[in-house]
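Here is my note on the structure you sent. The points are numbered for discussion.

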Amino acid sequence: HEKTMMKRIAEGATRIFLACGTTDFRKQIPGLVAAVTLSFKLDSYNGDYVFIFCNRKGDSIKVLRYDQNGFILATKKLLDDMKFQWPRTPDEVKEISFQQVEWLLQGLEIEQKKAHHQVKITGENSCF
């Protein structure tokens with residue numbers, strides 16, 4: 001399957017953060033950088049970090065990432081009354097995995113109840 005533009009922006013990031021609740025989409029790069037720095041106490045200038053925001057209607061997301069000498073800001077707006085399954089806890093930032101970004105972009109919830117969880121196996125806890 002082909003890579004979407006949004007997935008490409010998050011690719012290679014060591015940490016991906018969702019700004020839970022809603023974000024005022026009149027904010028552009030300076031306002032979003034301020035939110036990351038002041039509200040979430042995170043380093044918006046770390047190029048290994050990706051920050052994702054959602055609008056009030058739930059039909060648009062913005063992805064912010066620092067790139068060596070400036071910021072990239074990408075927006076995705078869904079069509080046909082589709083919405084993102086977005087965590088609505090206000091004033092909270094949630095760290096998610098690249099897999100959870102894929103689920104989000106597919107319209108799924110980021111917490112998949114039926115997904116297999118990762119198991120850490122060591123010599124001591126192996127059943128073989």
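1. A term before the details: two strands count as paired if DSSP finds at least two bridges between them. In E4, Leu73 is the bridge partner of Leu64. Keep in mind throughout that this is a predicted model.

2. The sheet. Five strands make up an open sheet, ordered E4-E3-E2-E1-E5, with mixed pairing. Its edges are strand E4 (71–77) and strand E5 (93–96), each of which pairs on one side only. On average, neighbouring strands are turned by 25° against each other, direction ignored. E3 (residues 60–66) and E4 run antiparallel and are joined by seven bridges.

3. A helix on the sheet. Helix H2 (residues 29–39) packs on the sheet and touches strand E2 (49–54), E3 and E4. The direction of H2 makes about 75° with that of E3.

4. The cores. The largest nonpolar core has 20 residues. Ile16, Leu18, Val50, Ile52, Ile61 and Trp86 touch the most other members. Helix H1 (5–10), strand E1 (15–19), E2, E3 and helix H3 (98–105) each supply at least two residues of this core. A second, separate core holds 12 residues, including Phe25, Phe40, Tyr49 and Phe51.

5. Ile16 in detail. Which residues does Ile16 touch, not counting those up to four places away in sequence? They are Ala10, Val50, Ile52, Lys94, Glu95, Ile96, Ser97, Phe98 and Val101.

6. Ser60. This residue is found in strand E3. Is Ser60 buried or exposed? Buried means under 20% relative accessible area. Ser60 has 4%, so it is buried. Leaving aside neighbours within four places in sequence, Ser60 is in contact with Phe25, Phe53, Cys54, Asn55, Lys76, Lys77 and Phe84.

7. Helix H3. Why is H3 described as largely enclosed by the rest of the structure? Because six of its eight residues are buried. The buried ones are Gln100, Val101, Glu102, Trp103, Leu104 and Leu105. Their cover includes H1, E1, E2, E3 and E5. After H3 comes Gly107, with a positive phi near 90°.

8. Cysteines. A search of the whole structure finds zero disulfides. The sulfur of Cys20 has its closest cysteine sulfur in Cys54, 10 Å away, which is too far for a bond. The cut-off for a disulfide is 2.5 Å between the sulfur atoms. Both residues are shielded by the accessibility criterion: Cys20 counts as buried at 5% relative accessibility, and Cys54 is buried at 0%.

9. Aromatic pairs. The count comes to six. In one of them, the rings of Tyr45 and Phe71 have centres 5.1 Å apart and planes at 65°, so the pair is edge-to-face. This pair links distant parts of the chain, 26 residues apart: Tyr45 is in the loop between H2 and E2, and Phe71 is in strand E4. Phe71 counts as partly exposed, at 21% relative accessibility.

10. How are the rings of Tyr49 and Phe51 placed? Their centres are 6.3 Å apart and their planes stand at 75°, so this pair is also edge-to-face. Tyr49 and Phe51 are buried. Together with Phe17, Tyr49 and Phe51 form one aromatic cluster.

Methods
Residues numbered from 1 in each chain as written. Predicted model: local features only at pLDDT ≥ 70, side-chain atom pairs only at ≥ 80, totals over all residues. Heavy atoms only, no water. Helix = DSSP H or I, 4+ residues; strand = E, 2+ residues; numbered from the N terminus. Axes fitted to C-alpha atoms, helices over the stretch in contact; angles between N-to-C directions. Contact = heavy atoms within 4.5 Å. Core = buried A, V, L, I, M, F, W, Y, C linked by side-chain atoms within 4.5 Å. Buried < 20%, exposed > 50% of the residue type's maximum accessible area, 1.4 Å probe, protein only. Phe/Tyr/Trp six-rings, centres within 6.5 Å; stacked < 30°, edge-to-face > 60°.
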